[in-house]
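Try each task before reading its solution.

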Amino acid sequence: GSQISETLSRVCHEVGSAVQHVLVVALLCWCIFALNWVFGTTMDQSHLHPVETYGYVLTFLLYCLRSIPYLSIPFGLTNILGIVTMNTFPTAPTLREAKAKIPFMCFRVVTRGLYPDLVRRNVERNIEICYKVGLDNFKFEVVTDNTLNLPKSALVRELVVPTDYVTRKNSLFKARALQYCNEPAVNILSNDDWVVHLDEETLLTENSAIGCANFASQKHADIGQGVISYANEEIVNWKTTLADSVRVSVDLGMMRFAFRKLG
């Protein structure tokens, strides 16, 4: 009985997911049509003679400027193909391997250390998410320019980058902090361990934590990238949230298409 119920629930979710994806594709097509109808032109331009009006040099420069938007064609095509050909509402993942087979994962948080309370809250919450989905072989490394004084824990390692530390290539900011983690005297990870890079404000979801564990367990690739969303929590400012949603569309479109179809 419970197995039939789970099967029906999964089928209903998959059908609903497919319907949502079809609606998104339909909305995308309508937006393309509407923008072309509003801003497109059918005016006869045969009477224009730019060479006679502006001369060869200026005409060439103007045509070069008009050609710049065409550079975005590869981006636009891959983004549309990703959104259209791959479901934008995938079903929730489940752990595909036993916990004992999931490799060690280090969630590495890079921060300047200006907001210690924010970092502490987010690290504690992300640890709870990892435990909630069944992970237990992990650690959080917080790499900071300024001391945070995070609570002592076996799951949290605070690394303060020395002010006089200089990389071989004179890297700055986040690159400098990440390189410091890889120094032989600092690094505690083995070659088989996985690193998940997070910003100080990044919050894991149950699906993302499971996805990271599945990706590390399958060992299909050495590097991967997931979708970043901005509307999972309380929306403080609708304008900035909508502006950030452009990155979500890129992750769902171009990035997924490039990694899965072209990689």
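Just after α7, K219 takes a positive phi of about 55 degrees. Helices (H or I, at least four residues) and strands (E, at least two) are DSSP runs, numbered from the N terminus. This is a predicted model, where local features need pLDDT of at least 70, side-chain atom pairs count only at pLDDT 80 or more, and totals for chains, interfaces and linings use all residues. Residues are numbered from 1 along each chain as its sequence is written, and side-chain values use heavy atoms, with hydrogens and water left out.

**Exercise 1. Find which residues of α7 are buried, and what they pack against.**

Step 1. Locate α7 at residues 206-218.

Step 2. Pick out the buried residues (under 20% relative accessible area; exposed is over 50%, partly exposed in between; 1.4 Å probe, protein chains only). They are A209, I210, A213, N214, A216 and S217.

Step 3. Look down the axis of α7: the buried residues fall within an arc of 165 degrees (taken from the directions from the helix axis to the C-beta atoms), so they line one face of the helix.

Step 4. Look for contacts (heavy atoms within 4.5 Å). The buried residues of α7 pack against β1 (105-111), α5 (116-132) and β4 (194-199).

**Exercise 2. Work out which residues touch the most other members of the largest nonpolar core.**

Step 1. Recall that a nonpolar core is a set of buried Ala, Val, Leu, Ile, Met, Phe, Trp, Tyr and Cys residues joined through side-chain atoms within 4.5 Å.

Step 2. Among the 26 residues of the largest core, F107, L135, F138, F140 and V142 touch the most other members.

Step 3. Ask where the core comes from: β1, α5, β2 (138-144), β4 and α7 each give two or more residues. The largest share, five residues, belongs to α5.

Step 4. Zoom in on L135, which touches L95, I102, M105, C130, A209 and A213, leaving out residues up to four places away in sequence.

**Exercise 3. Describe the surroundings of T111.**

Step 1. One of 2.4 Å joins the side chains of T111 and E200.

Step 2. List neighbours of T111 beyond four places in sequence: V119, V142, V143, T144, D145, L148 and E200.

Methods:
Expected span 1.5 Å × (residues − 1). Polar contact = N/O pair within 3.5 Å; in protein donor to acceptor, adjacent residues only side chain to side chain.
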